[in-house]
Amino acid sequence: MNLSEMSKEQLISFKNETEALYNDFKAQGLCLNMSRGNPCKEQLDLSLDMLNVFDDGKFMSESGNDVRNYGLLDGIPEAKEFFSDMIGVNNDEIIIFGNSSLNAMYFAVQLAYNKGVLGGTPWSQSGKLKFLCPVPGYDRHFKVTEFFGFEMINIPMTPTGPDMDMIEKLVAEDDSIKGIWCVPQYSNPQGISYSDETVKRFAALKPAAKDFRIFWDNAYCIHHLTESPKPILNILDEAKKVGNEDIVYIFGSTSKITFPGAGVAVMGASKRNIDDLKKALGISIISYDKMNQFRHVKYFGTFANMCEHMKKHMNIIAPKFKLVCDVLKKEIAPLGIGSWTEPEGGYFISFDAMNGCAKRIVQLCSEAGVTLTGAGATFPYGIDPDDKNIRIAPTYPPIEDLAKALELFVICVKLASAEKMLSE
Ligand SMILES: Cc1ncc(COP(=O)(O)O)c(C=O)c1O
């Protein structure tokens, strides 16, 4: 029965029964974590053989450089060739960074802030600064722009991507808006992939600020959960078609392909943008970890092989996503107290509770030993105006632990919802 159709007496007995179940759980002293999107141990084990690729003693890259030595600031040619396929750019439109794409994003924001974009006025000297943030979104993106003092503007997500009408209007009118965070394929946390129309409208944006940049974080570009994934359009190609190729910075990494923390991160952009970024990069570093770049290229050989490798990840994590959706469908749907996404890729499921319940659900879970991503984390400044969104990260725990954590999660959703309804 839908909770909203219950009489007060029915609601009180529902709450009492749920509370008793909750207290039983609390007594079990659980200690489970569903907070961050980490690969599980079996996933990390998939790439272990990569550590042996130098057993052949071959360290020379195609360019005649010994990868153990200094040199090649923007990456070894083999890595540029390999990763340009991953993010859909040409070999001269890419920089191979270190182990973190978040770090590359931070670098790009910091450089624009301190030195400007393509010789323009540094953002730090441009007065008020604003950044567009599709919500719910990735907390660490928001932390970067918060750190640099941007006012962050929430942009609602739709099933085809962020609200483009709103974005087009805002950027055309306000030159203090310097950029937007985007996760175009399997967005974090909803798993939404941008439609062709959305990508084309992004590529054709005409912002008042000439130094506006789209931060196109394609972190989950090959992280599918189905056998027949739908591709998204290539934004740099679309931007070139309309003479707007400088508008986008593309990011990606192998953090959730090989090893988070020991993968390879990349950035793609127009040649003009890349050349400008490289000038500054060369001040801060001589070269990144080329042994790791070469290790990745030697291990996979081709980009197609790396895509095949992702199927092994899919086989490990897809059952976990299915379990979450099955439990929610069985336990929450009939009560009408929540909605959620069923992503075809990426790392998260986005759960929307009744308004005003997310913080309470996270608190109840935490007090019974299950850690979730903090309520509000998916919004700038950690403020979810409706207090309803919770990011579920199902990949890390073993499936038995996940099942246990979900059992508790649905009890907490029920309890928080009943409490809320009784208080109104
Ligand atoms: C959308 C998104 N971008 C970037 C990252 C971090 O990437 P990296 O490990 O390359 O810094 C994450 C990690 O969860 C993510 O969800």
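How many of the eleven residues of α10 are buried? I began with this helix in the predicted model and found it mostly covered, with eight of its eleven residues buried.

**Entry 1: helix α10**

I listed the buried residues of α10 as Lys290, Asn292, Gln293, Phe294, Arg295, His296, Val297 and Phe300. I then looked up what covers them, and the cover includes α3, β2 (94–96) and α11 (303–331). At the end of the helix I noted Gly301, which follows α10 and has a positive phi near 75 degrees.

I examined the packing against α3 in detail. Helix α3 (residues 77–87) and helix α10 (residues 290–300) have axes 9 Å apart and pack at an angle of about 55 degrees. I therefore recorded α3 and α10 as oblique to each other. Glu78, Ala79 and Phe82 of α3 make the contact with Gln293, Phe294 and Val297 of α10. I also looked up the hand of the crossing, and α3 passes α10 in a left-handed one. I kept in mind that an α-helix has 3.6 residues a turn, so residues three or four places apart point the same way.

**Entry 2: overall dimensions**

I next turned to the whole protein, which has 13 helices and 13 strands. A compact globule of 424 residues would have a radius of gyration near 22 Å, and the protein, at 23 Å, agrees with that. Along the principal axes, the C-alpha atoms fill a box of roughly 75 × 55 × 35 Å. I noted that 46% of the 424 residues count as buried. Among contacts with a separation of 6 or more, 76% come from residues 24 or more positions apart.

**Entry 3: helices α1 and α13**

I looked up how helix α1 (residues 8–27) meets helix α13 (residues 399–423), and their axes come within 9 Å and cross at roughly 145 degrees. I recorded this crossing of α1 and α13 as left-handed. On the α1 side, the residues that meet α13 include Leu11, Phe14, Thr18, Leu21 and Phe25. On the α13 side, the residues include Leu408, Ile411, Leu415, Ala418 and Leu422.

Which strands make up the open sheet of three, and in what order? I read the order as β10-β11-β13, with antiparallel pairing. β10 (338–340) and β13 (389–392) each have a single partner strand and stand at the edges, so one side of each is left without a neighbour in the sheet. From one strand to the next, the twist averages 25 degrees.

I then checked the pairings one by one. Three bridges pair β10 with strand β11 (residues 349–353) in the antiparallel sense, and Trp340 stands opposite Phe351 in β11. Between β11 and β13, which run antiparallel, I found four bridges. The bridge partner of Ile349 in β13 is Ile392.

Where do the side chains of β13 point? Asn389 and Arg391 point one way and Ile390 and Ile392 the other, and all are buried. I also noted that helix α12 (residues 358–367) lies across β11 and β13, running at about 40 degrees to β13.

**Entry 4: strand β6 and its partners**

I looked up the burial of strand β6 (residues 177–182) and found it mostly covered, with six of its six residues buried. Strand β3 (residues 130–135) runs parallel to β6 and is joined to it by three bridges. Ile177 in β6 is the bridge partner of Lys130. Strand β7 (residues 213–217) also runs parallel to β6, through four bridges. Here Ile180 stands opposite Ile214 in β7.

**Entry 5: Ala265**

Is Ala265 buried or exposed? I placed Ala265 in strand β9 (residues 265–268). It has 23 other C-beta atoms within 10 Å, where 20 or more are required, and Ala265 is therefore buried. The C-alpha atoms of Ala265 and Ile96 are separated by 6.2 Å, although the two residues are 169 residues apart along the chain. Setting aside neighbours within four places in sequence, I listed the contacts of Ala265 as Phe97, Gly98, Asn99, Ser100, Ser101, Asn103, Ala104 and Ser253.

Technical notes:
Residues are numbered from 1 along each chain as its sequence is written. This is a predicted model: local features need pLDDT of at least 70, side-chain atom pairs count only at pLDDT 80 or more; totals for chains, interfaces and linings use all residues. Helices (H or I, at least four residues) and strands (E, at least two) are DSSP runs, numbered from the N terminus. The radius of gyration is taken over C-alpha atoms; the globule rule is 2.2 Å times the number of residues to the power 0.38. A residue is buried if 20 or more other C-beta atoms lie within 10 Å of its own, exposed if 12 or fewer, and partly exposed in between; C-beta atoms are placed from the backbone. Two residues are in contact if their C-beta atoms, placed from the backbone, lie within 7 Å. Two strands pair if DSSP finds at least two bridges between them. Axes are lines fitted to C-alpha atoms, for helices over the stretch in contact, and angles run from 0 to 180 degrees between N-to-C directions. Angles under 35 degrees count as roughly parallel, over 145 as roughly antiparallel, 65 to 115 as roughly perpendicular and the rest as oblique. A crossing is left-handed if the near helix is turned anticlockwise from the far one by less than a right angle, and right-handed if clockwise.
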